[in-house]
Amino acid sequence: LATMGYITPTLVGTWPGYISPSSGLKFADIPNGLGALSKVPFAGWVQILIYMAFVEVSGIQNRPSDAPGDLGWKILTSDDPEVKTKKLSA
């Protein structure tokens, strides 16, 4: 996934417009990789972190149980304990 995030802007381009209109910084001005850390404004990183926290916390209430691997999908789990152990150990 990280490799695709690095390669995709090179292949298909970047979004048009400004990442920070107040400082005149365009999306095209942001380099790939670690160079982006110093170019993206601090407020942008804060927005990214807040969104990540929201996505993580919003899923907490939707878990069917606290059992590891039990996501409520019978593809990964089973009612039979032996089959469940075999599938989760694979």
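I began at the end of α1, where G13 follows the helix with a positive phi, near 95°. I am working on a predicted model here, so I keep an eye on confidence throughout.

**Entry: helix α1.** I looked up how well the helix is covered. α1 is hardly covered: among its eleven residues, the number that count as buried is zero. I then picked out L11, which lies in this helix. Is L11 buried or exposed? L11 has a relative accessible area of 67%, so I noted the residue as exposed, the cut-off being over 50%.

**Entry: a patch.** Next I asked which residues make the nonpolar surface patch. Y6, I7, L11 and V12 make it, and the area comes to about 440 Å². A reminder to myself: an α-helix has 3.6 residues a turn, so residues three or four places apart point the same way.

**Entry: aromatic rings.** I searched the whole structure for aromatic pairs and found one. The partners are W15 and F27, in an edge-to-face arrangement with 5.4 Å centre to centre and 75° between the planes. What does the pair tie together? W15 sits in the loop between α1 (2–12) and β1 (18–20), and F27 in the loop between β2 (25–26) and α2 (36–39), so the pair links parts twelve residues apart in sequence. W15 counts as exposed, at 64% relative accessibility.

**Entry: the whole chain.** I counted four helices and two strands in the protein chain. Along the sequence, the pattern reads α-β-β-α-α-α. How many of the 90 residues, as a percentage, count as buried? The answer is 9%. For contacts with a separation of 6 or more, I found that residues 24 or more positions apart account for 5%. The accessible surface of the chain comes to about 7600 Å², and 66% of that belongs to carbon and sulfur atoms.

**Entry: confidence.** The chain averages a pLDDT of 83, and 88% of the residues score at least 70. Where is confidence lowest, and where highest? Helix α4 (residues 81–89) is lowest, at a mean of 82, while β2 is highest, at 92. One caution for later reading: where pLDDT is low, the predicted coordinates should not be read in detail.

Terms used:
Residues are numbered from 1 along each chain as its sequence is written. This is a predicted model: local features need pLDDT of at least 70, side-chain atom pairs count only at pLDDT 80 or more; totals for chains, interfaces and linings use all residues. Side-chain values use heavy atoms; hydrogens and water are left out. Rings of Phe, Tyr and Trp (its six-membered ring) pair if their centres lie within 6.5 Å; planes under 30 degrees apart count as stacked, over 60 as edge-to-face and the rest as tilted. Buried means under 20% relative accessible area, exposed over 50%, partly exposed in between (1.4 Å probe, protein chains only). Contact means heavy atoms within 4.5 Å. Accessible areas come from the Shrake-Rupley method with a 1.4 Å probe; for residues, only the protein chains shown count as cover. pLDDT is the predictor's confidence in each residue, from 0 to 100. Patches are made of residues with over 30% relative accessible area and no salt bridge: like charges are joined within 9 Å, nonpolar side chains (Val, Leu, Ile, Met, Phe, Trp, Tyr) within 5 Å. A salt bridge is a side-chain nitrogen of Lys or Arg within 4 Å of a carboxyl oxygen of Asp or Glu.
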